[in-house]
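Subject: Structure handover and notes

Hello,

The structure we discussed is pasted below, and my notes on it follow. Please read them alongside the coordinates.

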Amino acid sequence: MRVLLIGANGYLGRFVADRLLADPAVQLTALGRGDDADVRFDLASGSPGALTRFLDAVHPGVVINCAGATRGGARDLTRHNTVAVATVCEALRRSGCGARLVQIGCGAEYGPSQPGSSTAEDAVPRPGGPYGVSKLAATELVLGSGLDAVVLRVFSPAGPGTPAGSPLGRLAEAMRRAMQSGDGELKLGGLGVQRDFIDVRDVARAVHAASLSAAQGVINIGSGRAVRLRDAAAMLARVAGYGGALHELDGPPVPLRATIGHPRSESDHAAPVAYPYPDGCGSWQQADVRTARDRLGWRPRINLEESLADIWMEAACRI
């Protein structure tokens, strides 16, 4: 099976590439903006015609799109998350390869949900920020393309390679600094939110399964269990062997960049945000993952403690 992987050097893409390379039946080609890609191509600025010519030459049976941006202004997010996907869809429509498309979406497309509920694929998406809006627009482009396509809505990925700027990455870095300096108390904020964390290696398994299946539409990929960030912090402390006290800061919610491992400034106090977690999903998110089980034969295997142990290992080795 010839597979074209877009975004192989990204956080999720690296693990998807590893999973596919472990399958002897897969012939993998990586397309991306970096020098180490098999083919260099920028989806946000490249033309559908140029991509079509490449597809006709390589003739993949499956195209997997892991590319995209999680940070930046609305313009950049739209370019990298929406315009890029429009280019992929148009190129596939023009091409004679007939490839199946596996698009990586995200749980932020749903927006805030009712505490205690599990969000199923038929929920009406109401993204709470420009990132979720840009990803939802990409999903709608894929679903309306007429292609053989599936969108995997990945909830909160965790595990090895977790970006240092993400909430769990910041948490690990704050704990590393506290242990390095011998601080007996770690002050944290914004820990009341609850998220559905899913290990990146389980995500890669889901992408592999989706590429082999005939499933179409939207499929949630998560653990099916919401975990409070406060509990994740306590679990990380146990994994790290941190014996100090975890003190949660009081007061109104402020951006996590200011509360996890960083002192709060006067401007932080003056500007509470509506969504303390930077994905626009409010205080609660939990995936209903029955569709992934039924249509992909997929279940998560790696628990959050193992994911956090890998995050900690990388943080502890950071110079």
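Arginine 2 stands opposite glutamine 27 in strand S2. Helices (H or I, at least four residues) and strands (E, at least two) are DSSP runs, numbered from the N terminus. The model is predicted, so local features need pLDDT of at least 70 and side-chain atom pairs count only at pLDDT 80 or more, while totals for chains, interfaces and linings use all residues. Residues are numbered from 1 along each chain as its sequence is written, and side-chain values use heavy atoms, with hydrogens and water left out.

Sheet

S1 (residues 2–6) and S2 (residues 27–32) run parallel and are joined by five bridges. Two strands count as paired if DSSP finds at least two bridges between them. Further along, leucine 5 has alanine 30 as its bridge partner in S2. S1 also runs parallel to strand S4 (residues 62–65), with four bridges between them; there, leucine 4 is partnered by valine 63.

S1, helix H1 (residues 11–21) and S2 make a right-handed β-α-β unit. Right-handed here means that, with the strands pointing away from the viewer, the path from the first strand over the helix to the second runs clockwise.

S1 is mostly covered, with four of its five residues buried. The classes rest on relative accessible area: buried is under 20%, exposed is over 50%, and partly exposed is in between (1.4 Å probe, protein chains only).

Nonpolar cores

A nonpolar core is a set of buried Ala, Val, Leu, Ile, Met, Phe, Trp, Tyr and Cys residues joined through side-chain atoms within 4.5 Å. The largest one has 34 residues, of which Ile64, Leu152, Ile221 and Leu296 touch the most other members. Helix H6 (residues 200–212) supplies the largest share of this core, seven residues. A second, separate core of 29 residues includes Leu4, Val88, Leu92 and Phe155.

Which residues is leucine 152 in contact with, leaving aside its neighbours within four places in sequence? Among them are Val102, Ile104, Cys106, Ala206, Val207, Ala210, Ile219, Ile221 and Leu296. Contact means heavy atoms within 4.5 Å.

Charged side chains

A salt bridge is taken as a side-chain nitrogen of Lys or Arg within 4 Å of a carboxyl oxygen of Asp or Glu. By this rule there are 13 salt bridges. Three of them are described here.

- Arginine 93 and glutamate 90 meet in a salt bridge at 2.6 Å, N to O. They are three residues apart in helix H3 (residues 74–94), so about one helical turn separates them. Both side chains belong to residues classed as partly exposed: arginine 93 has a relative accessible area of 42% and glutamate 90 has 23%. Glu90, Arg93 and Arg94 are linked in a network of salt bridges.

- Arginine 153 forms a salt bridge with glutamate 109, with the closest N and O atoms 2.8 Å apart. Arginine 153 lies in strand S6 (residues 149–154) and glutamate 109 in the loop between strand S5 (100–106) and helix H4 (130–143), so the pair ties together parts that are 44 residues apart in sequence. Arginine 153 is buried at 3% relative accessible area, and glutamate 109 is buried at 0%.

- Aspartate 294 forms a salt bridge with arginine 293, the closest N and O atoms being 2.9 Å apart. Aspartate 294 is exposed at 55% relative accessibility, whereas arginine 293 is partly exposed at 35%.

Arginine 195, in strand S9 (residues 194–195), is buried at 0% relative accessibility. Its side chain makes a polar contact with the side chain of aspartate 279 at 2.9 Å. A polar contact is a pair of N or O atoms within 3.5 Å; within protein, one must be able to donate a hydrogen and the other to accept it, and residues adjacent in sequence count only if both atoms are side-chain atoms.

Backbone

Histidine 59 has a positive phi of about 55° although it is not a glycine. The residue sits in the loop between helix H2 (48–58) and S4, and histidine 59 is partly exposed, with a relative accessible area of 41%.

Regards
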